[in-house]
Amino acid sequence: MGNLNTAARKGKIPHRMVKWLRSGKGQRFLVMISFMTAPLLLLFVFTYLPFFKMIEFSFYDMKYIGAREFVGLDNYKDVLTDKEVMNSLKLSLYYLIGSFVQLALALYFATMLSFKTKGGSFFKGTIFFPYLISGIAMGFMFKFFYTREFVFDTVLTWIGFNLESLPYWLRDKSVNNIALVATSIWKYMGQNMVLFIGAIMSVDRELYESASLDGANRWHQFRYIILPSIKTIVVLNMILSITGSLSAFEPPFVITGGRRGTSTFFLLMHNMAHGHQKVGKASAMALILFTLIIFVTIAQKLIFKYAFSDNNADVSKKTARMLKKQRAKEAK
Amino acid sequence: MTIGQRILYILRTVIKYVSLLLVTIISLLPMVSTVITAFKTEVEYASTNVMTLPQSWTYLDNFITAWKDANMGLAFRNTLIIMIFVLFGSIMFGTMLAYILSRFDFRGNGLIRNLFLFATLIPGIATQVTVYQIMYSMKLINTLYGYIILMMGTDVISIYIFIQFFENIPKSLDESAIVDGSSYFGVFFKILFPLLKPAIITSMILKGVSTYNEYYMSNLYLQDKSKWVTVSTSLYTFTGPYGSQYNYICAGVLITMLPALIIFILCQKQIYSGLTQGAVKG
């Protein structure tokens with residue numbers, strides 16, 4: 001405050017303003033400005049400004065440097081009639097199916113590891129750790145893993161497969177996308193599993209005990225106690241995997257570089273922007289993707305509003321009440 | 001238990017452990033094969049199958065060569081600098097913003113929250129097309145501070161973790177401090193910030209891991225690899241002349257993975273709970 005006073009005495013700031021700044025309201029204003037400016041500026045410069053520029057760029061034929069030409073909707077027409085783009089959208093189906101497999105596996109192992117298991121934290125740790133490996137390191141690992149006669153082939157021949165009958169995992173167009181999706185499952189399944197374990201653990205332990213006293217078997221426990229209580233997070237992850245598969249990028253980027261029909265929509269866009277420097281067309285692609293994501297998100301909001309209006313806690317409470325009633329009946 | 005139930009129980013246990021064992025093997029296999037290959041001499045690598053164990057587990061030449069050729073000393077130094085500033089910056093910005101949003105009622109509060117939420121829908125890598133142009137015009141490409149500034153600003157999940165945490169601290173705590181003559185700054189730095197410690201640790205771990213592993217933007221904005229190589233981009237060295245010299249590549253990969261492994265073993269619990277907290281609202 002000393003600085004303000006001297007500044008005011010020198011006549012730089014009018015007295016009234018100093019008074020206001022020292023008042024409660026002024027203090028509030030000061031703290032709000034000084035705490036929010038930097039984060040909001042960063043948000044604007046690196047998220048919203050690029051976003052609006054992207055909309056602008058999508059109407060131009062341009063490179064990063066040099067003259068540009070207004071082309072109207074040509075970029076969008078180009079993208080939507082491009083065979084490669086259509087093919088890449090088909091690829092996202094592989095990733096979508098992959099992420100459903102991933103969720104199912106995660107749910108299976110999460111349910112298992114939520115109950116007493118010998119070496120449980122070891123299993124949990126090893127399944128989860130791949131999530132912490134950087135994409136680039138993972139890329140090298142799997143290039144090595146899938147190379148002809150290397151890790152995967154060797155292990156398969158141990159189990160009894162004949163090397164001649166095995167395909168080239170990254171070259172053969174009939175299997176290479178599946179091989180890539182598998183690496184994505186390898187990396188992210190553990191993370192999903194940890195989320196599910198967290199949700200299952202938040203269910204009241206007593207529920208399981210009372211349920212097993214009532215003679216409910218494991219399947220019943222899963223169906224009537226675990227599943228309702230984690231329904232929300234499972235459905236949320238299912239919807240997220242739609243946007244996730246539309247924006248699949250890492251596996252082909254680090255492992256195949258998008259060669260031999262493995263280029264996803266995102267990778268195509270990356271190459272368009274940074275390889276061919278077709279900035280306008282890349283922006284149009286980004287916006288088309290963004291529109292799709294918005295649609296999926298709106299759908300998600302609607303689904304949650306109408307189908308999941310009862311929240312987690314209530315569901316498990318309901319189950320608890322039901323079980324209590326049943327028990328009371330049986331006691332009679 | 002009847003005999004039928006007993007058989008069912010045993011069967012279920014067998015299925016459980018067999019499937020756990022199987023998934024563990026699949027999880028570990030790529031990493032185990034990387035370890036095996038990293039300890040092989042060049043001759044050994046060329047003449048034996050990749051899954052054959054190395055002759056000596058103390059042969060470290062591959063690690064030394066990888067460390068030198070990929071300039072990993074510099075890479076670790078750069079990554080350390082980046083992490084210190086990015087973590088400090090994003091924690092400060094995140095907690096300060098969360099403080100304002102959770103404690104002050106003002107017009108625009110909801111709007112700002114929604115702006116951050118909406119930002120998560122914009123696909124990050126897609127906007128790099130135009131972010132690149134903005135970075136270029138601000139002369140931030142190939143500067144460490146440019147990359148640091150970029151990395152500080154995009155962390156919605158930790159903002160939400162902080163807001164959640166603030167909502168569990170009673171408001172009367174800061175109100176009484178204000179009545180006692182403390183300023184808002186004093187309340188934030190002296191009273192609330194220390195209380196946030198668990199949330200700060202959670203978000204530091206999450207942000208730390210993602211900053212350490214980030215390779216896409218560092219490759220794009222720190223192009224001069226002789227000066228601004230980071231731990232993850234140092235691995236790009238192995239794409240060119242090394243081609244298929246996997247004994248060196250695997251050693252390099254393992255060096256970059258080691259810090260993540262150590263952090264994971266030390267802070268497993270915090271990582272798990274951090275992820276769970278981040279996912280609830282995010």
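A cavity here is a set of points, on a 1 Å grid over the protein atoms alone, where a 1.4 Å probe fits but cannot get out. Grid points are joined across faces, edges and corners, and a volume is the space filled by probe spheres set on the points. With that in hand, a search of the whole structure finds four cavities of 30 Å³ or more.

Before the close-ups, two notes on reading them. This is a predicted model, in which local features need pLDDT of at least 70 and side-chain atom pairs count only at pLDDT 80 or more, while totals for chains, interfaces and linings use all residues. Residues are numbered from 1 along each chain as its sequence is written, chains are lettered from A in the order in which they are written, and side-chain values use heavy atoms, leaving out hydrogens and water.

**View 1. Chain A meets chain B.** Here 88 residues of chain A are in contact with 86 residues of chain B (contact means heavy atoms within 4.5 Å). The area buried between the two chains is about 7800 Å², and carbon and sulfur atoms give 81% of this; buried area is the accessible area (1.4 Å probe) that two parts lose on being put together, summed over both. Look for Phe35(A), Phe46(A) and Phe140(A), which supply 10% of the area that chain A buries against chain B, more than any other three residues.

View 2. Helix α3 (residues 24-57) of chain A provides the largest share of the side that touches chain B, with 24 residues (helices are DSSP runs of H or I, at least four residues, numbered from the N terminus). That side of chain A divides into 61 nonpolar, 18 polar and nine charged residues; Asp, Glu, Lys and Arg count as charged, and Gly is among the polar ones.

**View 3. The largest cavity.** About 90 Å³ of space lies in this cavity. It has 12 lining residues, and the closest to its centre are Phe93(B), Met152(B), Gly153(B), Asp155(B) and Ile159(B) (lining residues have an atom within 4 Å of a point). Helix α4(B) gives the largest share of the lining, three residues. By class, the lining has six nonpolar, five polar and one charged.

**View 4. The second largest cavity.** This one holds about 60 Å³ of space. Its lining includes Leu132(A), Ile133(A) and Ser134(A), along with Tyr212(B) and Asn213(B). Three residues come from α15(B), which gives the most to this lining. Seven lining residues are nonpolar, four are polar and none is charged.

**View 5. A salt bridge within chain A.** Asp82(A) forms a salt bridge with Lys281(A), their closest N and O atoms being 3.3 Å apart (a side-chain nitrogen of Lys or Arg within 4 Å of a carboxyl oxygen of Asp or Glu). Asp82(A) sits in the loop between α4 (74-81) and α5 (83-114) of chain A and Lys281(A) in helix α14 (residues 279-307) of chain A, so the pair ties together parts that are 199 residues apart in sequence.

Definitions and conventions: Helix = DSSP H or I, 4+ residues; strand = E, 2+ residues; numbered from the N terminus. 1 Å grid on protein atoms, 1.4 Å probe; cavity = no way out; pocket = protein on both sides within 12 Å on 5 of 7 lines; lining within 4 Å.
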